[in-house]
Amino acid sequence: MLGKLTIDALPFYSGIAMAGALTVVCTALSVVALITWLGRWRYLWTEWLTSLDHKKIGIMYVTLALIMLVRGVIDALMIRTQQAFAFEPHGYLPPDHFDQIFTSHATIMMFFVAMPFVLGLLNIVVPQQIGARRVAFPFMNAVGLWLTASGAALVMISLVIGKFSTAYWTAYPPQSGIQFNPGVGVDYWIWAVLLSSVGSMLAGISFLVTIVKRRAPGMRLMMMPLFTWAALCTSILIIFAYPALIVAAALLGLDRHLGTHFFTGLQGGGNVANYVSLFWTWGHPHVYILILPAFGIYSEVAATFSGRKLSGYNPLIYSTVAITVLSLVVWLHHFFTLGSGVDVNAFFGSAAPLIAVPTVVTIAAWLLTMYRGRVQFSVPMLFTLGFIVTFLVGGVSGFLFAVAPASIHDTTFRVAHFHNLLIPGALFGYFAGYQYWFPKAFGFRLDEKWGRRAFWCWIVGFCLAFLPLYVLGLMGMPQRLNRSDVADWQPYLIVAQCGVVLILFGIAFLAVQIAVSIRDRAALAVPGGDPWNARTLEWATASPPAAYNFAVVPEVHGIDPWWTMKQEKTGGRRPSRFHDIVMPGNSSAAIVLGAMSFVFAFAMIWYIWWLAAVGGLGMFAALLWQTFHDRAGHRIPASEVEAIENHRAVSCVVAVGATT
């Protein structure tokens, strides 16, 4: 009846695991009880969970990312605590539990923090930046969200029922094969990755078509904002890279359960190199899938808070495109030691450093923009400056990995370099965008004081957490080590643990910032819609914008169209006549599809065949229902549009009066 699922699947093997499971369950039940007590289920269902509005989908993506960020950083703290205090005793984590936490930390941060954050910001900003009223495929966009959420739910439930993978986030066979990993942990990883990858690919397709086909009249490609350019290149990378990961994860599952031998041979060998190549065909572009949107954010922030247009607009676009192309052709430098041959290693060893050239051009353009402007040191700008300083360290350290015989390839030096790229290069950018566009999404700014405190915790915590790992890597400490007997390593590991504690304070301060901002939202309100005196088109709409974004789709005549409208006094000009606007209506099919995919995956992991049939039929029914209702839309009458725009006009007048 329940397949392999028994009472032994509960985390009795460890008091720490049981405490974590109880925390997850109690938190979930508390949220359900609070929503029930407030009587907000109908509101959540109609306004959020079934919405096809790209802005609300973006907010839910970012919310998912922030929730999973807490889990990911707690995992990191557990890892560093184990390493810091397991010098002579074995520490507080058994090896198997340590490996689970190590794997879940990386999986969560890559798939369920970084990607939802990227896709959330793209959803909130890109359609408004290009003057569109909606994304090209609203239902597909919503399905992407709920498949990603289903994958995240699988990772979270593995803490309560069963165990997560111990094969690290790359899941290399034969370690991830059924012979060495017979439990359900690797299966949790496979299904979580498959669901989130399909969801990300659907979102990438939606944004590629949106940017190509739904730009405002007059907005040529070479007039698009840099963040939209980054979104375009990111969407292309997603579409090219994610199929490789989907194929790799699916074939690994077939090897485990159907006895195929794509990656593992009959005698335990097999062509593991095929898996490694497929994985890094996705993995290296994925680094730039995460970094390019952050680069776009830094471009927007640098221009806005320097009070001038970007220096080198065209070189920035060419650099973004160059990074996109190069990221697809340098994946082999991740496994120089695999024995690919001297010529192959020489080619990729030479090609890998080339990607630094457009990156340096990009950073130089930002610095030149700031140099010629009047910089305001707001929280988004602080994260931008923090990125420039710390990212250079990661970039320089990356050159060493282009040297094939270097002895640092499997040490903590690689861990430090990887985090040096993704935390300042990506996460700081997301935080900058989150602080910058928060008033666009909610109509009030975030509190600056707590934002600055969070920034300093993040920047100092990052330096303490990862700079010692460079030293440890040069001293020869392997990555993924759960304990050691080398006394010289311990002081550096203790410093690294203190850094993670400081990062955890940074997350706490971000939570306090939200609470304080909600409390003071009247004082932090932005009735005029543009608190930063920004330049791009998303700030031409109300904050928060109406469901339709633009009552009249604007016509673009150059770069920085909103800045031009303000200079020419044409911003906010009312049309002579309003028209009905048709927007996509709500759809419960997307969330049902996500929920049924979770049910199907969970049942397949535990061999509960009747439940798998229910999940499969549920997915089919949701898709079938949407097929017959795909063109159902919601018509907003012209009178309602006019009333909304009149209210906005009054708010703008009040805002102008308050500032004069």
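**View 1. The crossing of helices H4 and H6 is left-handed.** A crossing is left-handed if the near helix is turned anticlockwise from the far one by less than a right angle, and right-handed if clockwise. The model is predicted: local features need pLDDT of at least 70 and side-chain atom pairs pLDDT 80 or more, while totals for chains, interfaces and linings use all residues. Residues are numbered from 1 along each chain as its sequence is written, and side-chain values use heavy atoms, without hydrogens and water. The axes (lines fitted to C-alpha atoms over the stretch in contact, with angles from 0 to 180 degrees between N-to-C directions) of H4, residues 95-129, and H6 come within 11 Å and cross at roughly 20 degrees. H4 is therefore roughly parallel to H6 (angles under 35 degrees).

**View 2. Residues of H4 meet residues of H6.** Contact means heavy atoms within 4.5 Å. On H4, the residues include Phe111, Phe112, Met115 and Leu119; on H6, Trp189, Ala192, Val193 and Phe207 are among them.

**View 3. Helix H6 spans residues 185-213.** Helices are DSSP runs (H or I, at least four residues), numbered from the N terminus. The 29 residues of H6 reach 42 Å from first to last C-alpha, close to the 42 Å expected at 1.5 Å a residue (1.5 Å times one less than the number of residues). Because 21 of the 29 residues are buried, H6 is largely enclosed by the rest of the structure (buried: under 20% relative accessible area, 1.4 Å probe, protein chains only).

**View 4. His97 is found in helix H4.** His97 counts as buried, at 5% relative accessibility. Leaving aside residues up to four places away in sequence, His97 touches Tyr13, Ser14, Ile16 and Ala17.

Terms used. Helices (H or I, at least four residues) and strands (E, at least two) are DSSP runs, numbered from the N terminus. Buried means under 20% relative accessible area, exposed over 50%, partly exposed in between (1.4 Å probe, protein chains only). Angles under 35 degrees count as roughly parallel, over 145 as roughly antiparallel, 65 to 115 as roughly perpendicular and the rest as oblique.
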